[in-house]
Amino acid sequence: SLPTGGQTSNRLSTGSGMIYTLVLAALAVNAAPSTGRMSTRSLKNIPRRRMALNNRLSRKTRMNADLSSLPTGSTGPVPEFDPLNLAASTDEQQLKRWREAELTHGRVAMLSALGFLTAESFHPLFGGDITGPAIDHFQQIDDKYPGFWKALLFSISLFESYRSTYGWSDPTKGGGIFTLKDEYVPGDIGFDPLNLLEGKSAEEIAELKNKELNNGRLAMISLAGIIAQELINHETIVDTWREILNTEEKAALSLTDENFKETIKEVDPNFLATPKPDYDKEKVGELIKELPKL
């Protein structure tokens with residue numbers, strides 16, 4: 001027979017009471033301190049975890065980072081270049097991460113720009129079968145030697161794993177996630193096989209690091225231009241430069257051609273005329289001396 005309304009409500013209330021009792025019991029077990037060696041270790045780790053949490057919170061709240069906190073990178077003619085004012089919306093830890101990324105990508109771009117010129121002009125690897133614009137070399141190598149990129153990717157992962165343990169903090173030891181160590185200088189992974197920094201003063205080391213940064217920035221812009229140019233005309237960058245130089249040479253030689261001069265005079269008689277100076281040549285030296293006063 002079906003239960004009556006009163007029996008149903010009694011069963012529901014009894015079931016609800018059992019659920020509430022089980023929940024309260026579980027909360028009580030979790031809240032109660034455990035005994036044994038594990039409880040002692042967890043209690044000892046509470047101050048360390050609390051300190052790490054406070055450090056992470058303080059890093060997040062300290063905004064408006066100062067570009068001068070970075071030891072290098074601010075060079076002329078535009079020191080502390082930040083046209084988008086990105087430093088105002090971040091902290092110094094994030095600023096260090098950006099510098100780490102800038103240095104890493106700059107180093108890769110310098111090697112890549114050199115690799116473009118070298119691979120398109122001289123390519124002894126793979127039996128000389130890889131030719132044409134460098135933007136097509138990836139597909140050519142993958143078709144002929146499919147295992148090459150897998151081996152290269154594995155090698156890169158080994159280097160990146162070492163770099164991550166060298167400068168990045170360990171979250172399992174109280175460090176933040178995706179944060180650099182406080183004592184770590186961006187880009188300084190101790191790699192100096194030629195001992196270029198040995199015996200150098202702090203000023204000389206800073207000058208070398210600034211040169212690396214500036215050349216890396218230039219390489220990133222140059223590499224983007226090289227890739228864009230090869231995507232447009234699908235020719236090697238060396239052939240593109242050769243065409244540009246030949247065009248400029250022909251244009252320069254045409255200026256000395258007599259037939260060209262006569263043609264230009266018909267279009268614009270004053271085009272090849274030498275402008276006459278309308279100033280006193282004797283006063284040029286005096287005017288130059290007045291320039292610093294301006």
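Helices here are DSSP runs of H or I with at least four residues, and strands are runs of E with at least two. With that in mind, colour the chain by secondary structure: this predicted model has nine helices and zero strands. Follow the chain along its sequence and you pass one α after another, in the pattern α-α-α-α-α-α-α-α-α.

Of the 294 residues, 17% count as buried.

Next stop: charged pairs. Side chains of opposite charge can pair when their charged atoms come close. The structure holds seven salt bridges, and three of them are on this tour.

Select R217 and E102. Their closest N and O atoms lie 2.6 Å apart, forming a salt bridge. R217 sits in helix α6 (residues 202-233) and E102 in helix α3 (residues 92-121), so this pair links distant parts of the chain, 115 residues apart. R217 is partly exposed at 24% relative accessibility, and E102 is partly exposed too, at 22%.

Move on to helix α5 (residues 148-167) and pick E160 and R163, which are three residues apart, or about one helical turn. They form a salt bridge with 2.8 Å between the closest N and O atoms. Is R163 buried or exposed? At a relative accessible area of 17%, R163 is buried, whereas E160 is partly exposed at 36%.

Back in helix α6, select K211 and E207. The closest N and O atoms of this salt bridge are 3.7 Å apart, and four residues, about one helical turn, separate the partners. K211 is partly exposed at 44%, and E207 is partly exposed at 44%.

Key
Residues numbered from 1 in each chain as written. Predicted model: local features only at pLDDT ≥ 70, side-chain atom pairs only at ≥ 80, totals over all residues. Heavy atoms only, no water. Buried < 20%, exposed > 50% of the residue type's maximum accessible area, 1.4 Å probe, protein only. Salt bridge = Lys/Arg side-chain N within 4 Å of Asp/Glu carboxyl O.
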